[in-house]
Amino acid sequence: MKLEIKDLSKSFDTKEAVQHVSFVVEEGEFLSILGPSGCGKTTLLRMLIGLIKPTSGHILKDGVDITNFKVSRRGMGFVFQNYALFENMSVLQNVKFALNFVKLPGAYGEEEGALKDAKLNEKAYLRDISITEKSINKVEAKIESLSAKIEKCADEEKKEKLEESLKLLKRESLTLKDHRDLVSEHLALVQKDIKKAEVKLGKALVAFEELKAKDPVAAEEKARTRYTDEEKEKIARDVIEKMGLTEYINRKPYTLSGGQQQRVAIARTLALHPDVILFDEPMSALDVATRLSLRKELKKIQKEFNTTMIYITHDQEEAFAMSDKILVMDTAIAVQIGTPEEILKNPANDYVKTFVIDNLKTKIKSLKKYVNIAND
Amino acid sequence: MTNTLELKQRKSIKSIFNGGSISKVAIAVILFAIIIIPIIRMIFYIDSNTLKSVFASKSAFYPALLNSFTTTLIATIISIFIAYVLAWAINRARIRFKYLFTVLITLPMLIPSISHGMGLIILFGNNGLITRLFHSSSTIYGFWGIVFGSVLYSFPVAFIMISDILKYEDQTPYEAADVLGIPRFRQFTSITFPYIRKPMISVIFAVFTMIVTDYGVTLSVGGKVKTLPVLLYEDAVGQLNYATGSVIGLVLLVPALAAFLFDLFAKDKGNTTYVVKKYHKKRRVSKIVAYAVTIFVSLIVLLIIFSFIVQAFAVAYPSNLTFTLKHFNYTFSGKGGKYLINSILIAFLTAGVGVVVACATAYLTARMKSGFSRLLHLMAIASLAIPGLVLGLAYVIVFKKSFVYGTIIILIMVNTVHFFASPYLMIYNAFGKMNENLEDVGNILGINRWRIITRVVVPQSKFTLVEMFSYFFVNSMMTISAVSFLATSANKPLALMINQYEAYNKLECAAVVALIILLINVAMKGIVYLIRTINKKHAYEKTI
């Protein structure tokens, strides 16, 4: 799944947590977002999954605008730093629990869902446009009254000041109009999505009716929207096995080590087959040995399922060891995106040089003298 | 983006309520209606004539105020001293049978305050067991009776609070101090004292409020000495003079409110410490002292319960000590049976309603945080600032003419409000400690909030729920404060029969009632204990 992030921003009251961040993650790619604590990494990740609504900007998944989709309709998984397991349930129950509520596409559920999602987008954009229009009207009114004042004003000095404010207002009006036009463009795209989805839904309906007439049994099977108990059990056991947890299957999370708990959290995410998995510093509470083995496993999963992974970390070494691409963040802004090699060769600015490269070099240097001894 | 300005304005209004706004407003309105409005109505009940007559120079108010203040002050000091020594003995000296001692020490918490006074009379009264044993002529009635009764009634509560303070004190600072060669006395002034200062002030306030607002002990053992709560009780319950009662109620609100505000501000500054290593002392002398104190106090508690047993089962104490059940028969031949059923029904329903409302409120304040949650949280703990007597008086003023008056509904309501804050705080803490991402996980995995609540959040706090249920139940069984204003012959709970028997000097029947309440509450505590142990064992077996 290709993920495109366009001009994403988020502000909390007066604080700008993320400012105009744009980047692309190709299908099956492993992207690390590297930055110090408090730079807005987690806010960015939470916007991608939909736990936080962006103030502006868009998220596209394989070309479909998912900015306003419900969290569970984005086909994404999320792994938390503190595992967030259900402590009262066993490992198996933890993984199985969400499967109870999974809605399979059924007869034409996928097409129906796509139409609903697109309509959600349309609604959000229409609202944004209407709010912006109102702001534009207000600013225009202010411009009008101010222009009138300036015409009447005799005092040169005062006039100059007023003209300065007028300039600011005009600029504001322009930015607002730009924003409106941009959202309108997205609205047009979304409205196209809606039309497409309607056609698709119509086709799916016809196809299902035909199937019903031809083969009622197959139609009934296709119309099923829930997993059977056997299916749930199998899916859960498979991912648990994949994460190497079979022997702990009936244990409660609090009896497991941190690394094992994080594996359960990953298994729980994998059970729903997300095509993008987001990781919020998942290893920061783990010891070095566990980290190393979990790193390998994540890369294995990424290859096996061709899953797109976005991974937040403040650890330069971790980012360089695991990533196909790294996005370097400074406070609220994205500074550079590129492969580890590109970043090493051409750091975008001094910040990247010091925060990423120098820190990495120091780490390597401090251990260099032991490399030979260790090799012996 | 300039249009974000407008979005922001909308957001900031929205963010005050954030999630669950309708439920939050609904619960806030209910809490306001059943906690704050009655108190305001009570205050508006006061007129200037009543004020004049209460504060007139020769009114009974001033001596009662003085008695209240002095007895409470002395009782608080003694109570805290005993409680501190006990808490130290149980938590710091490595003695055995800690659990048994804790149970014995806290037994007095399971019976109404009035029975403590009664216990003193049975032991030290004119015909008391001890009085007769030592052929003493001194009498317990009056000032010192009130003091000792109040100590008996309050020290277990102080013990539990101080135990909590000592239990969570970290030993690592002391180890560091030892390593740095800091002398013991300096360790006390620079480590122990700053740590216990604020929580101890909270305890002092809590115990003072508890004693100063209680009428039970004084009513039974005070004799001619009267305190403010007794004046309130006599005015409002005896003579239906609610206006005078309201003035005294307002005065009694002051210490409770002060305690509440102190707690609020002391907690805000963050007094929680992270315990790396629990504190233990190993000296032998301390062990001997600890055993002596705990055994002594346990014996006194047992002696009082023993005195109830003697009174309840002897034909005519002290002249005829033959075993009999006639006092039980007498108590239950009248309306005792009905009142017992009332009590159990009220206790169960209060516990049920209380647990549900406390959980719902705590979920909204602890797990759906917004600006409004803070206000809701304050309202939820506001009942801490209202003594039971004052609450009862406020309720009788507001609900006297409504259809709920005279039914058990009003008693369930008043009990739920009266005992709401502690169980609410228990579940608030439990919810707050749970992983903050559970609802987000549900959202991501497509599990709706209700299912996360019922299948994850609630099951994870089941022990707390059991504790909360038992808290509401036990307190509803033994309370005589708020309910005394609202009970009629139709909805009277059993505990209030003690007041009645006291008044007619039928101590045998009062002892019967106290024993029954004690038995029921011990049974409830036993069930809680069993649930905990069985579950712990079960959990342990599952892990191996």
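In the domain assignment of chain A, domain 1 covers 3–106 + 226–375 and domain 2 covers 112–222. The model described here is predicted. The centres of the two domains of chain A, taken over C-alpha atoms, are separated by 32 Å. Their contact draws on 7 residues from domain 1 of chain A and 9 residues from domain 2 of chain A. On the side of domain 1 of chain A that touches domain 2 of chain A, the residues comprise 2 nonpolar, 3 polar and 2 charged.

Strand pairing was examined next, in chain A. Strand S1 of chain A spans residues 3–12 and strand S2 of chain A spans residues 15–25. These two strands pair in the antiparallel sense, with 7 bridges between them. Glu4(A) has Val24(A) as its bridge partner in S2(A), and Leu8(A) has Val21(A) as its bridge partner in S2(A). The hairpin formed by S1(A) and S2(A) has 2 residues between the strands, and Asp13(A) in this hairpin takes a positive phi near 50°. S1(A) is also joined to strand S4 of chain A, residues 56–61, by 5 bridges. S1(A) and S4(A) likewise run antiparallel. For Ser9(A), the bridge partner in S4(A) is Ser56(A).

The crossing of H16(B) past H19(B) is right-handed. In H16(B), the contact residues are Asn342(B), Leu345(B), Ile346(B), Leu349(B), Thr350(B), Val353(B), Gly354(B) and Val357(B). They meet Ile408(B), Leu411(B), Ile412(B), Asn415(B) and Thr416(B) in H19(B). By class, the residues of this contact are 8 nonpolar and 5 polar, with no charged residues.

The other partner of H16(B) is helix H2 of chain B, residues 21–44. The axes of H2(B) and H16(B) come within 10 Å and cross at roughly 130°. H2(B) is therefore oblique to H16(B). H2(B) passes H16(B) in a left-handed crossing. Ser23(B), Lys24(B) and Ile27(B) of H2(B) make the contact with Ala360(B), Thr361(B) and Leu364(B) of H16(B). The residues of the contact of H2(B) with H16(B) fall into 3 nonpolar, 2 polar and 1 charged.

The contact between the chains takes 32 residues from chain A and 23 residues from chain B. On the side of chain B that touches chain A, the elements giving two or more residues are helices H1 (4–17), H21 (438–445), H22 (449–460) and H26 (507–543) of chain B. Of these, H21(B) gives the most, with 6 residues. The residues on the side of chain B that touches chain A divide by class into 9 nonpolar, 10 polar and 4 charged.

Definitions and conventions: Residues numbered from 1 in each chain as written. Chains lettered and ligands numbered in written order. Predicted model: local features only at pLDDT ≥ 70, side-chain atom pairs only at ≥ 80, totals over all residues. Pairing = 2+ DSSP bridges. Helix = DSSP H or I, 4+ residues; strand = E, 2+ residues; numbered from the N terminus. Left-handed = near helix turned anticlockwise from the far one by under 90°. Contact = placed C-beta atoms within 7 Å. Nonpolar A, V, L, I, M, F, W, Y, C, P; charged D, E, K, R; others polar. Domains from an automatic or database assignment. Axes fitted to C-alpha atoms, helices over the stretch in contact; angles between N-to-C directions. Parallel < 35°, antiparallel > 145°, perpendicular 65-115°, else oblique.
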